[in-house]
Amino acid sequence: MADEPNLHTTPKLTWQPRQLAVMCVVCLAMGFLAGYLLRGSAAKPASAPSAVAQTMVPASQPMGRSAGPSPTAQQQPKEMPSLDDLQRMADKKAAPLLTKLKSGPKNPELWNQVGLIYKSAHQFKQAAGYFEKSLQYDPKNVAVRADYASCLYYTGDVDGALAQLNQSLTYDPKHAGTLMNIGIIKWRGKNDVDGAVAAWEKLLQYHPDFPQKDLVQQMVTQAKQGAKAASDGQKG
């Protein structure tokens, strides 16, 4: 993001290939353009769900040559875990961190790590609660607030998500990820094309070398074209 403003970094969460494939299926089922939402703890935007699926699903396939069946003759994959299964996986991963928090609850980093675990498992309501807890002890952390906002958006609280992102701008009015996400949520969550375009234009003004500049310009064009088509349809 411009060069990207310094974003909060957290330990990378490790999921097994089969679990990653499940995440892709869930992302596709959700169908959000918010696949482009920038994670607070990542320097680049998440890939669009379809691109993630293309990358990750083959990871569950056997690699290399073997005496077994050819790829076209492989057995059908086993039934994927449900969201309840993903919840249990997240609970198991989060348990040691939650134990630490019992003796030191004023640790925003640990609360954030727990939030990221549940967000990765698509348990967005739970994740939002942990991000909110982290922000109680580190309110100016715009990276954590970005993840909190995205979870609110995923649970249908569009206004709450925008409120969190706007609060981030009070700490860092030029934060590229925040401006990017405000534009996406205003466009898709509020049908506010003017507001979305204004946020993206500010982003490109402040960060002319933004790594995803082409994507932002493409979304500006799509938003404007969609608004014009809707207006023409009403006139017709």
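When I speak of a contact today, I mean heavy atoms within 4.5 Å of each other, and please keep in mind throughout that what we are looking at is a predicted model.

Let me begin with Lys213, which sits in helix H10, the helix that covers residues 213-235. If we set aside the neighbours within four places in sequence, Lys213 is in contact with Leu204 and Pro208. Trp200 lies 13 residues away from Lys213 in sequence, and the C-alpha to C-alpha separation of these two residues is 9.5 Å in space. As for the surface, Lys213 has a relative accessibility of 30% and therefore counts as partly exposed, since that class lies between the 20% and 50% limits.

As background, most residues other than glycine have a negative phi. Against that, His122, which is not a glycine, has a positive phi near 60°, and Asn191, also not a glycine, has a positive phi of about 55°.

Where do we find His122? His122 is in the loop between helix H4, residues 108-120, and helix H5, residues 124-137. Asn191, for its part, is placed in the loop between helix H8, residues 176-190, and helix H9, residues 193-206.

Asn191, with a relative accessible area of 65%, is exposed, because the exposed class is over 50%.

Methods: Residues numbered from 1 in each chain as written. Predicted model: local features only at pLDDT ≥ 70, side-chain atom pairs only at ≥ 80, totals over all residues. Heavy atoms only, no water. Helix = DSSP H or I, 4+ residues; strand = E, 2+ residues; numbered from the N terminus. Buried < 20%, exposed > 50% of the residue type's maximum accessible area, 1.4 Å probe, protein only.
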